[in-house]
Amino acid sequence: MPSLADQLSADIQVAVAAAFSQGLIEGSAPESITLERPKNRDHGDYATSIALQLAKAAGKNPREIASILQGAIAAIAGVTKVDIAGPGFINITLDRASQAELVRTILTNRYEYGRGAALAGVKINLEFISANPTGPLHLGHTRWAAVGDSLGRVLSAAGAQVTREFYINDRGRQMDLFGQSVQASAQGKPIPEDGYQGDYITDLAKEVLAENPAISTSEEFREAAYKVQLSQQQKVLETFHTKFDIWFSERSLHESGAVEHAVEKLRKQGHVFELDGAVWLRTTDFGDDKDRVILKEDGDLTYFASDTAYYINKRERGFDICIYMLGADHHGYIHRLKATAACAGDDANYNVEIMIGQLVKIMEGGQELKLSKRAGTIITLEELVEKVGVDAARYTLIRYPVDTPMVMDIDVLRRNTNENPVYYVQYAHARIAGVLRNTAELGIKSDLAAFDPSQLSHDRENELLGALAEYPRVVASAAEFREPHRVARYLEELAGVYHGFYADCRVLPLGDETIAPIHSARAALSAATMQVIANGLDLLGVSAPERM
């Protein structure tokens, strides 16, 4: 079922096409009509700049184009007034009953309301945590765990086929040091100076020994501890409502011959060359600041070789777009990954996207928290969840643009007050659930069978309907710009609008007041609002409680 805005846009499209076919406007009709919600509701319910867009090709003044379209738009069912403003904007006012039909749309579609098809058929590989299996997931991983998972949900809501992928950095010297560190702890020896520290190493050593008391070599310790640590990372992420479809091992690229295959493919494209005994990829052909070594003169493969093979592997698995969500210290990867895509014959502006996430600072009691009790270094994901809970941690990490540093105040997130954003939104959902329980007890119907849209004529009702109508557009823009924080900010605004509606529009009859159709209509509007809040919270991976 199309939204009210989509239906109105389609109807205006028909009116514009008719004006072209009648010779009233010269040029070609646009493929779609964009509608906006005016900030000042005195300017109507919707506005379009279509007249300004058509004016140049038609050789007419925009206001003249707007005048030509005015009558046809006014004739659209549900439209009560069409005004021309400024240089040629067309402001459209709908009758309240038509606006209120949105309640029927939401309560009919339920969970599907807000979901679209803008990315239908597009296969996206979303890699949003790349970590060593050598320790607990820390605060840097935590931001991506929340934002990446939410972005996956948002992209899916826009119709994309999304595969969420965790890249396991399980190859190289850091893995050997990890094994040596666990071995030293298990055997009561000093941990290597450049090894891994923290209580978790002692815990891993105990667990490894308990499972296999005869274990002795550093390689055996490395593999056993790797298995345990990776399992712990997986469990913590599952607790954090973050799910992955694929856990991809860096080792597998080398063991399967994927690296050699990638080099050969790039060689056929004409971008591989040899110099000073090393094998290089000529990424400067595509904007990189320098060419990159794939195979060093001593025969060792570089990390870049893995990155290159991994990208080509993703594309050969059928993904149209490969999104990389990387940490603040990975800016250098942007040019080299895009250059790699171009060397492989791909469109670097479409097939690969790199998002860089800035740092997170945690404050508690007015002091910045830096040290982890368990890991010995930075605060871990598990510790953050222990302090504020999954919902508060996820919501707060998601509600800020990822390209800006952020501060999490633990003291604020523990408060059940309006200054705590997640509490503010969840409370709105719980408040509506309570209202609907009361309406049910009084025998007030909140379903569509008793719904009369003409009852909703109050300005507060109109404002709430307008906010609900924006939800599909918010989801679509969050997917288009890869910004799930737009959903969180929208939910906060919607919660505020509902609280205003509830203060000025009685949902429940007062005292001995007779139950009337207006109460059912407002109950249905409340139910629709609760549904949209629940849908939005689901895109953030945050619960929608019915009692608080």
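Over the face of which residue does arginine 399 lie? In this predicted model, the residue is tyrosine 400, with arginine 399 at 5.1 Å from the ring centre.

Salt bridges were examined next. Side chains of opposite charge can pair when their charged atoms come close. The structure holds 30 salt bridges. One of them joins arginine 153 and aspartate 149, with N and O 2.7 Å apart. Both residues lie in helix H5, which spans residues 139-157. They are four residues apart, about one turn of the helix. An α-helix has 3.6 residues a turn, so residues three or four places apart point the same way. Aspartate 149 is buried, at 2% relative accessible area. Arginine 153 is partly exposed, at 21%.

Arginine 153 also forms a salt bridge with aspartate 538, where the closest N and O atoms are 3.9 Å apart. Aspartate 538 belongs to helix H20 (residues 517-540) and arginine 153 to helix H5, so this pair ties together parts that are 385 residues apart in sequence. Aspartate 538 is partly exposed, with 29% relative accessibility.

Arg394 is one of the buried residues of helix H14. Nine of the nine residues of this helix (residues 390-398) are buried, so helix H14 is largely enclosed by the rest of the structure. Among them are Val390, Asp391, Tyr395 and Ile398.

Another salt bridge links aspartate 83 and lysine 81, with 3.8 Å between the closest N and O atoms. Aspartate 83 is partly exposed, at 32% relative accessible area. Lysine 81 is also partly exposed, at 43%.

Cysteines were then considered. A disulfide is a covalent bond between the sulfur atoms of two cysteines. A search of the whole structure finds zero disulfides. Cysteine 343 is in no disulfide. The cysteine sulfur closest to that of cysteine 322 is in cysteine 343, 15 Å away and therefore too far for a bond; the cut-off for a disulfide is 2.5 Å. Cysteine 322 is buried, at 0% relative accessibility. Cysteine 343 is buried too, at 0%.

Aromatic contacts complete the account. A pair of aromatic rings is described by the distance of the centres and the angle of the planes. The whole structure contains 14 aromatic pairs. Phenylalanine 244 is buried, with 13% relative accessibility. Tryptophan 247 is partly exposed, at 26%. Both residues belong to one aromatic cluster, formed by Phe128, Phe166, Phe244 and Trp247.

Tyrosine 498 and phenylalanine 501 form a tilted pair, 5.4 Å from centre to centre and with 50° between the planes. Both lie in helix H19 (residues 485-504). They are three residues apart, about one turn of the helix. Tyrosine 498 is buried, at 0% relative accessibility. Phenylalanine 501 is buried as well, at 0%.

How values were computed. Residues numbered from 1 in each chain as written. Predicted model: local features only at pLDDT ≥ 70, side-chain atom pairs only at ≥ 80, totals over all residues. Heavy atoms only, no water. Salt bridge = Lys/Arg side-chain N within 4 Å of Asp/Glu carboxyl O. Buried < 20%, exposed > 50% of the residue type's maximum accessible area, 1.4 Å probe, protein only. Helix = DSSP H or I, 4+ residues; strand = E, 2+ residues; numbered from the N terminus. Phe/Tyr/Trp six-rings, centres within 6.5 Å; stacked < 30°, edge-to-face > 60°. Lys NZ or Arg CZ within 6 Å of the ring centre and 35° of its normal.
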